[in-house]
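Visitor: Hi, I'm new to this one. Could you put it on screen and walk me through it?

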Amino acid sequence: MSDSRVLFDLPGPRARRRQRLGSLLGALLVLVLIGLALWRLGSNGQLEPERWAILFDPSTNVPQRLLEALGNTLEVAAVGMVAATALGALLAVGRLSDHAWVRVPVVTVIEFFRAVPLLVLILFCFLFLPQVGVTLSAFGALALGLTLYNMAVLAEIFRAGIQSIDRGQSEAAYGLGLRKWQVMTFILVPQAVRRMLPVLIAQLVVLLKDSSLGFIVGYMELLRTSRSLVETLNFSFGPRYTFQLYVAAGLIYIIVNVLLSQLAKFVESRSRRSPKTTAAPTDLATGAAPGTATGPGPAGAALLGPGRPGEES
Amino acid sequence: MRITRYAAALAATGVVLAGCSSDAGETTEDAADNAPEVATEVEFEPGSTMAEIVEAGELRVGTKIDQPGFGLANTAGEPEGFDVEMAKLVAAEMGLSEDQITFTETVSANREPFLQEDRVDMVAATYTINDARKEVIDFAGPYYVAGQDIMVAAGNPEGIEGPEDLAGTTVCSVEGSTPAETIRTEYPEAELVLYDVYSKCADDLRNGNVQAVTTDNVILTSFVAGDPESFELVGNPFTEEPYGIGVQKGADDFREFINDVLTESFEDGTWADAWDQTAGAITDTEAPEPPTVDRY
Amino acid sequence: MSFLADNFPLLRDAFLTTLSLAVLSGLVALVLGTVLAAMRVSPIAALRGLATFYVETFRNTPLTVVFFFLAFGIVYIDLQFPSRFITAVAALSLYTAAFVSEAVRSGINAVPPGQAEAARAIGLDFRQSLSTIVLPQAFRTVVPPLGSVWIALAKNTSIAAGFAVTDLTAVLQRLANANADELALVFLAVVAAYLLITLPSAWVIGVLERRLAIVR
């Protein structure tokens with residue numbers, strides 16, 4: 001059901017008037033809510049321009065700190081992304097192995113890391129590994145935690161992708177006399193990666209967001225830095241800049257992630273146009289990720305047809 | 001252990017910037033020029049903890065970054081406070097400049113693990129000396145004796161005068177701290193709310209989510225000084241919390257060395273100076289009589 | 001082992017806290033997320049826009065930021081939750097609702113258009129065709145992704161530990177700090193407790209997935 005307009009009549013003049021009224025009322029309600037929030041903020045003095053100026057005033061060090069923190073966030077996320085993608089692909093292939101002695105341990109690893117909270121994993125890397133002789137920095141513990149967790153999730157995404165490739169592809173390849181590893185590397189994995197790119201990128205957004213859990217080990221990523229600034233400024237000025245700093249941190253995350261998601265949508269629209277992947281997979285997101293990766297999966301994006309208002313395509 | 005010292009001047013590190021458009025710009029201005037003199041030509045017995053640290057050219061110090069007066073990050077991200085000054089004193093006596101100190105945030109629950117796992121050489125983080133901790137790490141000092149106290153909302157609406165009055169109220173403290181343990185074991189009637197850092201407790205008290213915050217009086221005094229419109233100190237300390245400098249278990253040479261540094265600073269006034277510039281400046285109090293270090 | 005026995009009440013309470021956090025937030029998120037999904041396919045543009053804005057905002061914000069906002073931010077618009085547990089439930093439900101909405105929407109999209117067309121042809125209106133024809137079928141295809149969201153939620157509850165909720169992760173930190181020599185046991189116990197929630201869930205979802213797949 002790619003077009004939800006099936007669900008309701010093409011509105012006639014009266015219905016259109018009614019809908020316009022509905023839209024108007026809905027918009028009005030939203031505006032009232034926003035207005036209420038702004039009014040409360042205003043009467044608490046939170047909208048004073050001076051309070052927001054701190055975010056852009058280099059003499060306070062705040063913009064520099066936020067920028068540096070964003071760098072730290074991106075750095076740990078990038079390391080996690082690369083490592084998790086590589087290991088995830090490896091695990092996916094292992095899971096599809098014909099040999100039980102490969103498959104069983106791989107499945108165990110995947111299921112285990114998918115079932116444990118990331119926060120606990122990070123703490124494990126940080127607190128327990130040193131007891132067995134592997135001392136990691138806060139950066140290392142966070143990067144390793146992110147990698148272990150996301151590689152398991154990505155492995156499942158890749159597996160779903162590989163299994164979604166039409167069986168004719170591998171049959172034809174075997175028919176040509178290719179060996180199993182050749183079929184995997186030359187035929188299945190390239191197609192799977194292309195097909196799963198949107199879900200993959202959605203999971204990378206999750207990874208980037210999850211780097212905010214670095215606060216637990218004292219890694220100065222974006223959120224911990226904002227918090228630290230709040231603590232410092234609270235002490236000197238009372239809670240004068242608290243709200244502003246939280247808003248700033250939230251907005252920076254949203255902007256970076258929306259950019260990443262846009263990239264996902266762009267890649268998706270390109271791969272959809274490509275004739276090589278015309279057999280559009282249905283519900284690939286489904287078999288994948290019990291991470292928060294219910295991202296813009298192929299199925300979800302099918303709705304992004306032309307002319308849907310309120311939807312950036 | 002032979003230490004020769006020559007004076008070595010150190011340039012001011014405070015950054016003064018003009019033309020701020022927001023109040024917060026002013027915080028960077030009070031970065032005081034209070035660097036202790038760095039010893040030169042220091043020699044340590046080869047193989048000693050100090051020799052290893054000097055060899056590495058880096059003193060790794062665990063401290064808090066959210067406790068005004070003792071260890072609070074300035075807007076540039078560098079910690080400032082009495083604990084930080086103690087670390088600088090130790091570094092200076094080892095011939096290490098301020099730049100050679102690496103500060104790491106150690107929240108209360110991380111202090112022992114950080115020492116045990118060799119992530120830091122010493123911890124100066126409002127760290128109470130007690131026997132349970134001595135089983136896994138060692139302490140130099142004390143360099144200050146605090147007492148557990150209670151902070152309430154300004155005006156003390158609940159009429160809390162001491163720990164007995166906490167029964168039935170929500171009290172905030174920090175996981176892994178001695179004050180939290182004291183409330184848990186001795187005043188179980190109080191409902192304990194635990195965060196990882198005290199600043200969240202202060203936020204919660206300001207917002208009315210908890211009725212009291214309990215920890216060492218010096219920490220609370222600084223919070224009150226920062227926001228007197230919201231907070232008030234009960235002023236009835238009910239425990240003794242000797243602050244020590246945590247070192248790795250068995251690093252007895254380093255412990256003795258720090259004890260020497262502390263004792264010397266008690267006598268020559270640098271300890272009192274450090275107090276005046278940090279916690280003393282905030283709480284507007286004179287430096288107390290220095291404690292006696294416990295060379296166990 | 002006596003160490004675990006000594007701390008059993010603590011671990012049990014923490015387990016129950018984690019479980020109730022997950023269940024309560026899951027229920028609220030399910031309701032809110034379904035409403036959001038319905039809004040996203042509704043004829044009224046303002047509702048669609050609002051739901052899209054909501055989903056995009058929460059999907060792109062780290063859960064920890066949501067927690068900070070609800071715990072320490074909304075006081076500036078004069079709002080306050082009665083307890084930290086409720087704050088945690090609110091943060092988890094608001095965040096998870098966005099993902100529920102996406103899962104349900106993808107389910108709606110997976111229902112063959114013929115079904116909706118037929119419903120419309122026999123004269124059902126938007127509300128009727130959505131609630132009696134499309135959503136019941138959508139929920140079937142939606143079980144696996146919803147299951148994933150549920151498991152993610154169960155794990156995400158751990159963030160509440162940073163916000164004064166004594167859940168499994170908070171107890172992990174407390175015990176780890178107090179018993180460095182028993183660290184392996186501490187981790188084992190807490191991880192086992194989480195697995196006690198996530199593994200059976202994964203199994204039930206797998207069974208449901210297989211059973212419902214045949215129906216269609």
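Visitor: How many helices and strands are there in chain B?

Guide: Chain B has 10 helices and 15 strands. Helices here are DSSP runs of H or I with at least four residues, strands are E runs of at least two, and both are numbered from the N terminus. Before we go on: this is a predicted model, where local features need pLDDT of at least 70, side-chain atom pairs count only at pLDDT 80 or more, and totals for chains, interfaces and linings use all residues. Residues are numbered from 1 along each chain as its sequence is written, with chains lettered from A and ligands numbered from 1 in the order in which they are written.

Visitor: OK. What share of chain B is buried?

Guide: Of its 296 residues, 52% are buried. Buried means 20 or more other C-beta atoms within 10 Å of the residue's own, exposed means 12 or fewer, and partly exposed is in between, with C-beta atoms placed from the backbone.

Visitor: Which domains does chain B have?

Guide: The assignment gives domain 1 (2-146 + 242-283) and domain 2 (148-233); such bounds come from an automatic or database domain assignment. Where they touch, domain 1 of chain B gives 15 residues and domain 2 of chain B gives 18. Contact means that the C-beta atoms of two residues, placed from the backbone, lie within 7 Å. On the domain 1 side, helix 10 of chain B supplies the largest share, three residues.

Visitor: And what is the strand order in the open sheet of five strands?

Guide: In chain B the order is 12-11-13-10-14, with mixed pairing. Strands pair if DSSP finds at least two bridges between them.

Visitor: Why do strand 12 and strand 14 of chain B each have one side without a neighbour in the sheet?

Guide: Strand 12 (191-195) and strand 14 (231-233) of chain B are at the edges with a single partner strand each, so one side of each has no neighbour in the sheet. From one strand to the next, the twist averages 30°. Angles run from 0 to 180 degrees between N-to-C directions, and axes are lines fitted to C-alpha atoms, for helices over the stretch in contact.

Visitor: What packs on that sheet?

Guide: One is helix 5 (residues 178-186) of chain B, touching strands 10, 11, 12 and 13 of chain B, at about 140° to the direction of strand 11. Helix 6 (residues 198-207) of chain B packs there too, touching strands 10, 11, 12, 13 and 14 of chain B, at about 160° to strand 11.

Visitor: Switching over, how many strands does chain A have?

Guide: Zero; chain A has 12 helices. Of its 313 residues, 46% are buried.

Visitor: How many residues does each chain bring to the contact between A and B?

Guide: Chain A brings 25 and chain B brings 32. Helix 9 of chain A gives the largest share of its side, nine residues. The chain A side divides into 11 nonpolar, 10 polar and four charged residues. Nonpolar covers Ala, Val, Leu, Ile, Met, Phe, Trp, Tyr, Cys and Pro, charged covers Asp, Glu, Lys and Arg, and the others, Gly among them, are polar.

Visitor: Last stop, chain C. At what angle do helix 3 and helix 5 of chain C cross?

Guide: Roughly 115°, and the axes of helix 3 (residues 45-59) and helix 5 (residues 84-110) of chain C come within 9 Å. Residues in this contact include Y54(C) and F58(C) from helix 3 of chain C, and L94(C) and F99(C) from helix 5 of chain C. By class, the contact has eight nonpolar, one polar and two charged residues.
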